[in-house]
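Here is my note on the model, as numbered points. Please read it beside the coordinates.

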Amino acid sequence: MTFHDIFKSSFLENATSVSLLDMGIALLLAFGLGLFIFLVYKKTFSGVMYSSSFGVTLIALTMITTLVILAVTSNIVLSLGMVGALSIVRFRTAIKEPLDIAFLFWSIAVGIVLAAGILPLAVIGSVFIGLILLLFVNQKSHWNPYIVIIRCGGSESEQRARSYLEQQVQRCVVKSKTAQRGAIELTMEIRLKGENTDFINQLSQLEDVHSAVLVSYNGDYMG
């Protein structure tokens, strides 16, 4: 067998290695599960700036991965060439939210599993992962930490502000304190008892308290 025979026969086999029905089912399921991943991402997003293009990217990534893996599984020689071609691709877009990495890998994993023909695993696994994300990411807002910045005139007003704040919240921890002549700035991490934040209004009205600011804090924390 010559190289020409191998070259020609490989192309003829590739045309019929994957049936049109299998391709259609895999791509339709990839679109459906990609749309489900996009909806879960939109529902669980908790960052500062929502990017709709990233959600569309999740759908496209699921379908593209399915397409690539279908081509790879159809021919061993093609799979080796595909690995070499994809190895030169470099992505330089910064991922700002750690949870976005999970959605990217989720989309890629679903595409791989669908192209491998394990349809129940792709569907049931996606539903299970989506429920887990909805359960743990969409927690009530008063569970999340807040930062309170209090500016007062002296130590007595500081003690009154701290005592009042400790009575109104579930948890209160001092993060930083800045003392100047005739002024004290206190930064505290708190956990709310509920959704009501009217206590900040009352806190700012205490004697010798100049201002009280409540800020939502989404950074890393312990406890």
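1. pLDDT is the predictor's confidence in each residue, from 0 to 100. Helices (H or I, at least four residues) and strands (E, at least two) are DSSP runs, numbered from the N terminus. Among the elements of the protein chain, helix 1 (residues 3–17) has the lowest mean pLDDT, 51. Helix 6 has the highest, 91. Where pLDDT is low, the predicted coordinates should not be read in detail.

2. This is a predicted model: local features need pLDDT of at least 70, side-chain atom pairs count only at pLDDT 80 or more, and totals for chains, interfaces and linings use all residues. Residues are numbered from 1 along each chain as its sequence is written, and side-chain values use heavy atoms, with hydrogens and water left out.

3. For the protein chain, mean pLDDT is 79. A value of 70 or more is reached by 75% of its residues.

4. The protein chain has eight helices and four strands. Their order along the sequence is α-α-α-α-α-α-β-α-β-β-α-β.

5. Contact means heavy atoms within 4.5 Å. Of the contacts with a separation of 6 or more, 71% join residues 24 or more positions apart.

6. The protein chain has 223 residues, and 28% of them count as buried. Buried means under 20% relative accessible area, exposed over 50%, partly exposed in between (1.4 Å probe, protein chains only).

7. Look next at L131, in helix 6 (residues 119–137). L131 counts as exposed because its relative accessible area is 52%.
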